[in-house]
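Try each task on your own before you look at the worked solution.

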Amino acid sequence: IRFRELAADVLGSGWVFYAVVTVQTAINAGITIGSILIAGNCLQIMYESLAPNGTLKLYHFIIIVAVVLSLFSQMPSFHSLRYINLGSLVLAFGYTILISGACIRAGM
């Protein structure tokens, strides 16, 4: 069930379609902009820790993230992302193990 159909069943058809589409579009745009900004900021933090005297600024990293996301959006289906999702799962799992080990070491 999509949100538009659910809202039409609950509130009746007519203007509900446009209200739900407007809210969904606003939420999607906000989440997309926020995730691009956060990803760019994270890349800048990693860059500054690797190259403290580097010349790249935050807007460079925001452009990099936006270009990568626009390339991902051109994939024909969600199943094309399965290897990227597997890689992100492995990286997230490794990050969790690394942080857990660092916390245990810091606690000792």
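## Exercise 1: A glycine in a loop

G54 sits in the loop between α2 and α3. Keep in mind as you work that this is a predicted model.

**Solution.** 
- Step 1: Look up the accessibility. G54 has a relative accessible area of 30%.
- Step 2: Compare this value with the cut-offs. Buried means under 20% and exposed means over 50%, with partly exposed in between, so G54 is partly exposed.
- Step 3: Turn to the distance. G54 and Q44 are 10 residues apart in sequence, and their C-alpha atoms are 10.0 Å apart.

## Exercise 2: An aromatic pair

**Task.** Find how many aromatic pairs the whole structure holds, and describe the geometry of the rings of Y47 and F61.

**Solution.** 
- Step 1: Count. The search of the whole structure gives 1 aromatic pair.
- Step 2: Name the partners. Y47 and F61 form the pair, with 5.3 Å from centre to centre and 55° between the planes.
- Step 3: Classify the angle. Planes under 30 degrees apart count as stacked and those over 60 as edge-to-face, with the rest tilted; the pair of Y47 and F61 is therefore tilted.
- Step 4: Y47 belongs to helix α2 (residues 15-50) and F61 to helix α3 (residues 58-72), and the two are 14 residues apart. The pair thus links distant parts of the chain.
- Step 5: Check the cover. Y47 is partly exposed at 22% relative accessible area, whereas F61 is buried at 6%.

## Exercise 3: Looking for disulfides

**Task.** Why is C42 in no disulfide?

**Solution.** 
- Step 1: Recall the rule. A disulfide needs two cysteine sulfur atoms within 2.5 Å.
- Step 2: For C42, the nearest cysteine sulfur is that of C103, 18 Å away.
- Step 3: Conclude. Because the cut-off is 2.5 Å, C42 is in no disulfide. C103 is in no disulfide either, as its nearest cysteine sulfur is that of C42. The count by this rule is 0 disulfides.
- Step 4: C42 is partly exposed, at 41% relative accessible area, and C103 is exposed, at 52%.

## Exercise 4: A nonpolar patch

**Task.** Which residues make the nonpolar surface patch, and which helix gives the most to it?

**Solution.** 
- Step 1: List the members. F3, L6, V10, L11 and W15 make a patch of about 620 Å².
- Step 2: Find the main contributor. Helix α1 (residues 3-11) gives the most, with 4 residues.
- Step 3: Look at one member. L11 lies in helix α1 and is exposed, with a relative accessible area of 58%.

## Exercise 5: Distances along the chain

**Task.** How far apart are the centres of domain 1 and domain 2, and the C-alpha atoms of I27 and Q74?

**Solution.** 
- Step 1: Domain 1 covers 1-74 and domain 2 covers 76-107.
- Step 2: Read the separation. The domain centres, taken over C-alpha atoms, are 21 Å apart.
- Step 3: Take the residue pair. I27 and Q74 are 47 residues apart along the chain, and 21 Å separate their C-alpha atoms.
- Step 4: Describe I27. This residue lies in helix α2 and counts as partly exposed, at 47% relative accessibility.

Notes: Residues are numbered from 1 along each chain as its sequence is written. This is a predicted model: local features need pLDDT of at least 70, side-chain atom pairs count only at pLDDT 80 or more; totals for chains, interfaces and linings use all residues. Side-chain values use heavy atoms; hydrogens and water are left out. Buried means under 20% relative accessible area, exposed over 50%, partly exposed in between (1.4 Å probe, protein chains only). Patches are made of residues with over 30% relative accessible area and no salt bridge: like charges are joined within 9 Å, nonpolar side chains (Val, Leu, Ile, Met, Phe, Trp, Tyr) within 5 Å. Accessible areas come from the Shrake-Rupley method with a 1.4 Å probe; for residues, only the protein chains shown count as cover. A salt bridge is a side-chain nitrogen of Lys or Arg within 4 Å of a carboxyl oxygen of Asp or Glu. Domain bounds come from an automatic or database domain assignment. Rings of Phe, Tyr and Trp (its six-membered ring) pair if their centres lie within 6.5 Å; planes under 30 degrees apart count as stacked, over 60 as edge-to-face and the rest as tilted.
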